[in-house]
Amino acid sequence: LYLGLAGLIPFAAGPVYMIQSGFLLPDIVTAQLAYGATILSFLGGVRWGLLVNGGDKMPPSWPQYTWSVTPSLLAWTALLLPDIGLGISLCALSLTLTAYLDLKQSGYPRWFRGLRFVLSSLAVLSLLSTLYCINTLGVKKHASDYLT
């Protein structure tokens with residue numbers, strides 16, 4: 001539980017800092033997107049690991065293996081989108097879809113489902129908060145911006 005909650009710090013810190021400062025900080029948005037993409041890839045790996053284990057509740061199959069690599073591909077696409085807001089949106093949507101499919105999958109332990117619901121919900125809320133910042137806050141000007 002503590003490790004899971006600590007894993008939310010990179011999601012939540014960015015939008016909280018930007019809202020408190022009143023400025024959009026593009027580097028923080030990019031860092032949050034990169035972290036979200038990393039987490040998406042990790043979640044695909046969790047499914048892959050359970051499939052390799054080969055239990056009765058989650059028997060290996062091509063559709064299951066295909067889905068286990070899909071979060072990584074969605075994460076990669078989110079990083080490549082030219083508009084950071086679209087990347088954040090795709091990451092949030094992908095985390096939601098991945099959580100939905102994992103929660104209805106019978107092979108995960110009960111404790112994992114509860115933890116997954118809470119952590120995914122807060123991660124998506126943080127990404128949506130960053131979208132709010134993108135759409136409402138101005139970018140902070142640097143002294144060098146005034147030299148041209």
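**A buried charge network and a nonpolar surface patch**

Both D102 and R47 are buried, where buried means under 20% relative accessible area, exposed means over 50%, and partly exposed covers the range in between (1.4 Å probe, protein chains only). The model is a predicted one, in which local features need pLDDT of at least 70 and side-chain atom pairs count only at pLDDT 80 or more, while totals for chains, interfaces and linings use all residues. Residues are numbered from 1 along each chain as its sequence is written, and side-chain values use heavy atoms, with hydrogens and water left out.

The side chains of D102 and R47 form a salt bridge, with an N to O distance of 2.8 Å; the term stands for a side-chain nitrogen of Lys or Arg within 4 Å of a carboxyl oxygen of Asp or Glu. Because D102 belongs to helix α5 (residues 84-104) and R47 to helix α3, this pair ties together parts that are 55 residues apart in sequence. Helices (H or I, at least four residues) and strands (E, at least two) are DSSP runs, numbered from the N terminus.

A search of the whole structure finds two salt bridges. Through shared partners, the salt bridges join R47, D102 and R116 into one network. As a general point, side chains of opposite charge can pair when their charged atoms come close.

What surrounds R116, once its neighbours within four places in sequence are left aside? R116, placed in helix α6 (residues 110-136), is in contact with L43, L95, T98, A99, D102 and L103, contact being heavy atoms within 4.5 Å. By comparison, R116 and L51 are 65 residues apart in sequence and 18 Å apart in space, C-alpha to C-alpha.

Stepping back to the whole fold, the protein chain holds six helices and two strands. Read from the N terminus, these elements follow the order α-α-β-α-α-α-α-β. The C-alpha trace spans about 65 × 30 × 20 Å along its principal axes. Of the 148 residues, 34% count as buried. Among contacts with a separation of 6 or more, 69% come from residues 24 or more positions apart.

One place where such sequence separation can be followed is G138, in strand β2 (residues 138-139). The C-alpha atoms of G138 and L25 are separated by 8.7 Å, although the two residues are 113 residues apart along the chain. With its neighbours within four places in sequence set aside, G138 is in contact with G22, F23 and L24. G138 has a relative accessible area of 39%, so this residue is partly exposed.

Accessible areas come from the Shrake-Rupley method with a 1.4 Å probe; for residues, only the protein chains shown count as cover. W48, V52, V69, L73, W76 and L80 form a nonpolar patch, with about 640 Å² of accessible area together. Patches are made of residues with over 30% relative accessible area and no salt bridge, like charges being joined within 9 Å and nonpolar side chains (Val, Leu, Ile, Met, Phe, Trp, Tyr) within 5 Å. The elements giving two or more residues to the nonpolar patch are α3 (26-53) and α4 (62-80). Helix α4 supplies the largest share, four residues. V69, which lies in helix α4, is partly exposed, with a relative accessible area of 37%.

As for charge, the protein chain has 8 positive and 5 negative side chains, and the centres of the two sets lie 12 Å apart. In this count Lys and Arg are positive and Asp and Glu negative, while His and the chain ends are not counted. The place of a charge is NZ of Lys, CZ of Arg, CG of Asp or CD of Glu.
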